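The following questions and answers concern the packing of one protein model. Please examine the structure before reading on.

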Amino acid sequence: MALDYVETSKKIIEAVGGVSNIASATNCMTRLRLVLNDESKADDKKVEKIKGVKSVIKQGGQYQIVIGNEVSNLFKEFKKQGNFGAEGGSAAPKKATGNPIQRLFGFISGCMTPMLPAMLGCGMMKVVLTLLTTFAGLPTDGSTYIILTAMGDCFFTFLPIFLAFNIAKKMDGSPMLFMAVAAAMVYPDLVTLMAGSSLELGTFLGMDCTYLFGIPVICSTYTSSVLPILLMAPVMKWVEDFADRVSPNVLKSFLKPLIFLVICVPVALIVLGPIGNILGNALSGVFNFMYTNCAWLTIGVLSAIMPFIVMTGMHYALVPLCTNNLALLGFDALVLTTMFCSNLAQGGASFGVGLKSKDQETKSEGIACGISAVVAGVTEPAMYGINLRYGTPMTAAVIAAGISGLFCGITNVVGYVMGGSPSLLTIICFIGGDNPMSGVIFGAIGAVLSIAISFTLSFIMFKDPVEEEEEDEPAEEASESAPKPLVQTITLSAPMTGEVVKLADVPDQVFASGALGEGVAIIPTVGKVVAPCDAVVSATMDTKHAIGLTTPEGMELLIHVGLNTVELNGKFYDYKVKEGDSVKRGDTLIEFDIDGIKGAGYPLHTPVLVTNSDEYVSIKPVDAANIQAGQDLMTVV
């Protein structure tokens, strides 16, 4: 049944506090993006119950209402109802007035998230090394052990350099210059000097120090650190801009980087580096105090509230604290243990729904989402698709995670390496300490508690929802439930060349949860989007970052190039078609500048979705790591 844009717009405006509460409004390819004068006046539950609304997300100072591929048509009516003018007010102006804490966490998570693959890969290598030395008797003085240790430690040893690269990308700085500052901080001879093997050592403020032209440099080690280079971020950006301004064009090629390094490296070593280490030691000290004096309560409470931390994206901002704990204390429970308990509880609650529900689609979704959370540690499908959606399963998950966290806190279950998103498969990360196997044993018991309690409570509390229908809907509902015509299989080809990524792995909760439809994502290596099948262009955007297609069979497709790229306002994108055009498989739809988008700090993950997925039996992406434009990408039955 078609969405009534007029009625939906009126209901949304009323539910968010009226026209007077909407400072500005715009839309991207899938979301209505509002900036509200007072978010407390918006009734989130009422908004989510409006027909056509999939979910509500508050992010970056915006009140985002997820609609799907009908948002463009809805927004046209929404502007009329709210009298917002031709541009809808543009939600961009309030971007700089968001919550400073939220913006800080967003910056940190944006810098840390791209490093997770390398971080987790090296972490798992350290797990393998632990297993080989513990159970296979691998000698620790042989060349094999040294080489494997290098594989596991390489990323963490030079972590500031990798982090500097991401900071530069986020701040539109020069990556090589930012990395040079970090490289100086972890330079081997400097590390040796700071370790106290030089005759230049003295004392300053009661701490060991060396000297730079007579200026004391407090001895600190910056390998595996994150806070010092994060503190240097605004300094490096300012110095680079300053060096660019004062350097004559004829000398800029060498004078600008020289000025940059002469200023930034001493500031890093003399001022901000030691401050960063002091802060890191203080944070670890607070954590150690909490964990030493009340471990059971600390881990229990954090495990229970972890899903809500994940919803805000703040869990990525906790990664620096986790790496800091691993470097200074040798273990971490604040992130690794609490997320372990929480992730398994999300999966168990989803399993409970899957087993109890009489609706075949809900049953299938519950089981699939449960497997994703328990086995892979990917909780977004379970959290958004099942547990939050029905309410009681989330309550079950929170209770179970809290109880499991209490147990793990009492039994001192801690992680000694980062080995992937916490799940059943990462339980071996608890091997270590004075009694290497106790962590695994108690961790397994904690896992059983988390899954069993959440499953049981979810099974008891969950009830299949009864659809509330308006008086005039039964006849229309019957029409919608009429048997579909012939079953057929449609093959969609890849709209671009690049790396294939599972939808659940896309770093955007709306796409990853499947709220906008099933499909797959591609990280492009060629800046061109082509038609995946014969279709009509049914939706375009002024920002040109996404396109909607409708096939002759009625399948609705969305290709969204990059994440949050609506904020680029069309920069780096160029449409080759217009709305209403008929296109053939392989026709060029969009051309875009990959380097420009990446340089602006936006992820290039491109979801390719069937937005009316509920009308199809199955949507199965190909099992491939990389793909060329035109090759088979998805089979839709």
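A crossing is left-handed if the near helix is turned anticlockwise from the far one by less than a right angle, and right-handed if clockwise. The model is predicted: local features need pLDDT of at least 70, side-chain atom pairs count only at pLDDT 80 or more, and totals for chains, interfaces and linings use all residues. Residues are numbered from 1 along each chain as its sequence is written, and side-chain values use heavy atoms, with hydrogens and water left out.

Q: What is the handedness of the crossing of H14 and H17?
A: Helices are DSSP runs of H or I with at least four residues, and strands are runs of E with at least two, numbered from the N terminus. The axes of H14 (residues 336–356) and H17 (residues 392–410) come within 8 Å and cross at roughly 145 degrees; axes are lines fitted to C-alpha atoms, for helices over the stretch in contact, with angles from 0 to 180 degrees between N-to-C directions. The crossing of H14 past H17 is right-handed.

Q: How many charged residues does the contact of H14 with H17 have?
A: Contact means heavy atoms within 4.5 Å, and Asp, Glu, Lys and Arg count as charged. Residues of H14 including Ala-345 and Val-353 meet residues of H17 including Ala-397 and Cys-408. By class, the contact has ten nonpolar and five polar residues, and the number of charged residues is none.

Q: Which residue of E17 is the bridge partner of Val-530?
A: Strands pair if DSSP finds at least two bridges between them. E11 and E17 (residues 588–592) run antiparallel and are joined by three bridges. The partner of Val-530 in E17 is Thr-588.
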